[in-house]
Amino acid sequence: MSSTAWLTVFVLAVFLGFEVISKVSSILHTPLMSGANAIHGVILVGAIIATGSTDDNVQLTIGLLAIVMATVNMVGGFAVTDRMLGMFAKPRQPRGGDGPAAASASAAGTGPGAGGPAGGSAGASGSAGTSSRTSTREGGK
């Protein structure tokens with residue numbers, strides 16, 4: 001194939017790729033990124049195989065450059081996907097209440113939500129006998 005034909009195919013692929021990606025809705029970007037990461041892994045394996053079967057120094061240099069670029073692309077894709085999924089994750093609450101001071105205060109009956117016979121008050125949860133740990137767990141659901 002002539003260089004003009006290669007250039008034409010490249011330009012058409014760029015325009016087609018831009019049009020396809022720009023029409024994708026926001027909600028589908030994360031699944032498409034995951035699929036693209038899998039495809040980048042296949043491209044990396046292909047670059048390794050193609051580079052391993054060459055004897056020419058110029059082709060070896062281009063192949064090594066392709067391997068480095070495919071690796072950066074794949075790792076970057078996984079990093080972006082991880083950040084995107086992190087945006088949808090619920091914030092994690094520490095186990096065991098608000099820390100060691102709150103746990104000892106609740107055990108002594110003096111902290112918020114202590115309640116019960118030792119505390120003598122309803123506490124933060126609004127009912128006697130419940131601890132702040134129980135109300136935190138129920139409030140996170």
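Author: Here it is, and note that the model is predicted. Let's start with Glu19. Its relative accessibility is 39%, so Glu19 counts as partly exposed.

Reader: Which side chain does Glu19 meet in a salt bridge?

Author: That of Lys23. The N to O distance is 3.6 Å.

Reader: And Lys23, buried or exposed?

Author: Exposed. Lys23 has 66% relative accessibility, and the cut-off for exposed is over 50%.

Reader: How many salt bridges does the structure hold?

Author: One.

Reader: Switching topic. Which residues make up the largest nonpolar core?

Author: Five residues: Leu44, Ala47, Ile67, Ala70 and Met74.

Reader: Which elements give two or more residues to this core?

Author: Helix α2, residues 29-52, and helix α3, residues 57-88. The most comes from α3, which gives three residues.

Reader: Take Ala70. What does it touch, leaving out residues up to four places away in sequence?

Author: Ile43 and Leu44. Leu44 is also one of the core residues.

Reader: Now the surface. Which residues make the nonpolar patch?

Author: Leu7, Phe10, Val11, Val14 and Phe15. The patch covers about 510 Å².

Reader: Where is Leu7 found?

Author: In helix α1, residues 3-22.

Reader: Why does Leu7 count as exposed?

Author: Because its relative accessible area is 53%, and exposed means over 50%.

Key. Residues are numbered from 1 along each chain as its sequence is written. This is a predicted model: local features need pLDDT of at least 70, side-chain atom pairs count only at pLDDT 80 or more; totals for chains, interfaces and linings use all residues. Side-chain values use heavy atoms; hydrogens and water are left out. A nonpolar core is a set of buried Ala, Val, Leu, Ile, Met, Phe, Trp, Tyr and Cys residues joined through side-chain atoms within 4.5 Å. Buried means under 20% relative accessible area, exposed over 50%, partly exposed in between (1.4 Å probe, protein chains only). Helices (H or I, at least four residues) and strands (E, at least two) are DSSP runs, numbered from the N terminus. Contact means heavy atoms within 4.5 Å. A salt bridge is a side-chain nitrogen of Lys or Arg within 4 Å of a carboxyl oxygen of Asp or Glu. Patches are made of residues with over 30% relative accessible area and no salt bridge: like charges are joined within 9 Å, nonpolar side chains (Val, Leu, Ile, Met, Phe, Trp, Tyr) within 5 Å. Accessible areas come from the Shrake-Rupley method with a 1.4 Å probe; for residues, only the protein chains shown count as cover.
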